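Some comments on the fold follow, for use alongside the coordinates. They begin with the sheet and then turn to the helices packed on it.

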Amino acid sequence: MQLKSGFYGLLAALLCALSLVGAPRDAWAQSTQETAAEDEAARILAIGDSMMAWHMISGNSIADALSDALGEPVVNRSVAGARIIYGLPITGALGLKIAKQYHGKPWDWVVINGGGNDLWLGCGCGKCERKINRMVTKSGTSGDIPQLISRIRKTGARVVFVGYLRSPGVDSVIDACRPAGDALEARLIQMAEQMDGVYFLSIADLVPDGDRSFHGADMIHPSKKGSKAIGRMVADLIRQVDESR
């Protein structure tokens, strides 16, 4: 779940790019070449919202932890503020629509999270049944999320869908979203059970009661410790079912 809007996510990316403008041309070219080579070698893609993107700039995101645990590169295209349901074409194409983050070559694994912004920003943690139904029906067989995952599975990639952190008995501005979040994740579990090569990873029980250390100061996003723990859980799941890793 995330507080920052897509505007701030895109602004952060712009500022990051602008910070390189003053770098020497050779350094810029070398950095670009190294990034391109690593992306080409990568067989795992991460997409989603700011839970997946948090700490990306410092190299401490969930995807970074996954990369470290598996000892291989992971491409992270997640964007702060991204949603499952998103109608604006330009910013959607830039990544604010999670489905648009998936493109390019075939991957071995795609790690996904999302839906939290659709609930928190889309319906204010209130009557979200209609919104949840658009993302995934009770049967787990239709909706925007199964449609995206079916598209990914057709390429041969296996999928890990990661759930959300829960607040550890400490007040959070998204506590009111818990029932809607639980309902969404119950449907995602149902979906994963019916789709070959798709795995739902619940992190609902990751945080001990009263332990704030897995969350950032906003009590919504993961701390670096939280991101590392989640990344390792994803790696463990992948290793369990993928003998090549």
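1. In this predicted model, five strands form an open sheet with parallel pairing, in the order S2-S1-S3-S4-S5. S2 and S5 (198–201) are the edge strands, each pairing on one side only. From one strand to the next the twist averages 20°.

2. The pairing can be followed strand by strand. S1 and S2 are parallel and share three bridges; Ala46 has Asn76 in S2 as its bridge partner. Four bridges connect S1 (residues 44–47) with S3, again in parallel, and Ile44 is partnered by Trp109 of S3. S3 and S4 (residues 158–162) also run parallel, joined by four bridges, with Val110 opposite Val159 in S4.

3. Strand S3 (residues 109–112) sends Trp109 and Val111 one way and Val110 and Ile112 the other way. Are these residues buried or exposed? All of them are buried.

4. H4 touches S1, S2 and S3, and its direction makes about 175° with that of S2. The angle counts as roughly antiparallel because it is over 145 degrees. H10 lies across S3, S4 and S5 and runs at about 150° to S4.

5. Which residues of H4 are buried? They are Ile62, Ala63, Ala65, Leu66, Ser67 and Leu70. The buried residues of this helix pack against S1, helix H3 (50–53), strand S2 (74–76), S3 and H10. After H4 comes Gly71, with a positive phi near 70°.

6. The axes of H4 (residues 62–70) and H10 (residues 224–241) come within 7 Å of each other, crossing at roughly 50°. H4 is therefore oblique to H10. The crossing in which H4 passes H10 is right-handed.

7. On the H4 side, the contact with H10 involves Ile62, Ala65, Leu66, Ala69 and Leu70. The H10 side contributes Ser227, Lys228, Ile230, Gly231, Val234, Ala235, Ile238 and Arg239. Of the residues in this contact, nine are nonpolar, two polar and two charged.

How values were computed. Residues numbered from 1 in each chain as written. Predicted model: local features only at pLDDT ≥ 70, side-chain atom pairs only at ≥ 80, totals over all residues. Heavy atoms only, no water. Axes fitted to C-alpha atoms, helices over the stretch in contact; angles between N-to-C directions. Helix = DSSP H or I, 4+ residues; strand = E, 2+ residues; numbered from the N terminus. Parallel < 35°, antiparallel > 145°, perpendicular 65-115°, else oblique. Left-handed = near helix turned anticlockwise from the far one by under 90°. Contact = heavy atoms within 4.5 Å. Nonpolar A, V, L, I, M, F, W, Y, C, P; charged D, E, K, R; others polar. Buried < 20%, exposed > 50% of the residue type's maximum accessible area, 1.4 Å probe, protein only. Pairing = 2+ DSSP bridges.
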